[in-house]
Amino acid sequence: MCTYLTEKVNVAGSGKGPAGWFTLSEATVYFDHPVHAPAEHTLNIDFLNRGQGPSARVAVELTAESARALAEAIQATLASAPPGLI
Amino acid sequence: MYDAIQAETISLAGAGGDQIEAYLARPLGPGPFGGVVVIHHMPGYDEQTKEITRTFAAHGYNAVCPNLYWREAPGASPDDAAATARAAGGVPDERLVGDVGGAVAYLRAMPNSNGKAGTIGYCSGGRQSFLAAVSLPLDAAVDCYGAFVVGRPPEGMPLKVGPIVDRTPDLSCPLLGLFGAEDSHPSPEQVAELEKALVEAGKTFEFHSYEDAGHGFFAVDRPSYRPEAANDGWQKIWDFYGRYLAS
């Protein structure tokens, strides 16, 4: 189905899109049909800069299992960063 | 039989008179030909939908697919445009009717037109095909697994659409519905409810639900593709449009 369910989060950082690096302002997270991944539904993340239009976008489509693994890896990496760096 | 077709990007007047991008495919024979508005699925105005549009031309119909996301994302790639549109909650119903109405007017004004025009839509476009058919004077409409003609989006889903089954008495043309028995949006129960409303309103329609098929069984580039259902579905479309749209 087309879920439209979307979580939005403001982010600070940069992403590399088709036209090179750009400043990120927002990320959207949703579970829906992928464009490319060979699965019925995937966890999709779009890293965006609204001010630069729809093409300022870095997209990933992950299986639910790999998305959970990625989230855990992000948390683990941040938790193990040396004190004082975060 | 002369079977050349021409396909190209055009501009047409949509809702509010806005010029929007569209993809037109037409037979180059003398005609006259019926017209089909192809309403793209939620992933957008993509290569596969353009291929569907060309398929209608190859079968003797003028076909036009308006880019429903043109206003949010002019010139963007289809996946980027779809991401922007979905984040905004989808296409407003009123604007959809205006855009499809503009596409219908374009088709009927073509020199090789027989004056007839219909719609077909997939996924979110299936609901939009029904919406167009209860809002505009059409000659035929096809709903391919459109969700939320019956029923509302689940709680927490920011999709800004509601059920439109109550508008069934306004249906202006025969309706062909093609569904997957394993689909949950629309579910077999929701398809049955729409069927009941059509019977009660005395409308001309035919529904086909395919076993072993779910949502998106026509989509050849997706794992949901079911060749048996899709092949039979195409035959049903040619038969239906042959009766109501062809010369």
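Which residues are buried in helix 4 of chain B? Let's get to that by walking through the model from one chain to the other. What you see is a predicted model, where local features need pLDDT of at least 70, side-chain atom pairs count only at pLDDT 80 or more, and totals for chains, interfaces and linings use all residues. Residues are numbered from 1 along each chain as its sequence is written, while chains are lettered from A and ligands numbered from 1 in the order in which they are written.

Start with chain A. Its C-alpha atoms fill a box of roughly 45 × 30 × 20 Å along the principal axes. Chain A has 1 helix and 4 strands; here helices (H or I, at least four residues) and strands (E, at least two) are DSSP runs, numbered from the N terminus. Of the 86 residues in chain A, 23% are buried. A residue counts as buried if 20 or more other C-beta atoms lie within 10 Å of its own, as exposed if 12 or fewer do, and as partly exposed in between, with C-beta atoms placed from the backbone.

Those strands of chain A line up in an open sheet of 4 strands, in the order 1-2-3-4 and with antiparallel pairing. Two strands pair, by the way, if DSSP finds at least two bridges between them. Strand 1 and strand 4 (57–62) of chain A sit at the edges with a single partner strand each, so one side of each has no neighbour in the sheet. Neighbouring strands of this sheet are turned by 25° against each other on average, direction ignored. Axes here are lines fitted to C-alpha atoms, for helices over the stretch in contact, and angles run from 0 to 180 degrees between N-to-C directions.

Now zoom in on strand 1 (residues 6–17) of chain A, which is hardly covered: 1 of its 12 residues is buried. A hairpin leads through 2 residues from strand 1 to strand 2 of chain A. Strand 1 and strand 2 (residues 20–32) of chain A run antiparallel and are joined by 10 bridges; along this pair, Lys8(A) stands opposite Thr28(A). At the other end of the order, 6 bridges hold strand 3 (residues 42–48) and strand 4 of chain A together, again antiparallel. There, Leu43(A) has Leu62(A) as its bridge partner.

How does chain A meet chain B? The two are in contact through 18 residues of chain A and 28 residues of chain B, a contact being two residues whose C-beta atoms, placed from the backbone, lie within 7 Å. Chain A's side of this meeting place divides into 9 nonpolar, 6 polar and 3 charged residues; Ala, Val, Leu, Ile, Met, Phe, Trp, Tyr, Cys and Pro count as nonpolar, Asp, Glu, Lys and Arg as charged, and the others, Gly among them, as polar. Helix 2 (residues 78–87) of chain B lies across strand 1, strand 2, strand 3 and strand 4 of chain A, at about 85° to strand 4 of chain A.

Over in chain B, there's an open sheet of 8 strands in the order 1-2-4-3-5-6-7-8, with mixed pairing. Its edge strands are strand 1 (5–13) and strand 8 (205–210) of chain B, each pairing on one side only. From one strand to the next, the twist averages 20°. Helix 5 (residues 188–200) of chain B packs on this sheet, touching strand 7 and strand 8 of chain B, and its direction makes about 165° with that of strand 8.

And helix 4 of chain B? This helix (residues 124–133) is mostly covered, with 10 of its 10 residues buried: Ser124(B), Gly125(B), Gly126(B), Arg127(B), Gln128(B), Ser129(B), Phe130(B), Leu131(B), Ala132(B) and Ala133(B). They pack against strand 3 (33–39), helix 3 (93–108), strand 5 (113–122), strand 6 (140–144) and strand 7 (175–180) of chain B.

For a contrast, look at Met1(B), in the segment before strand 1 of chain B.
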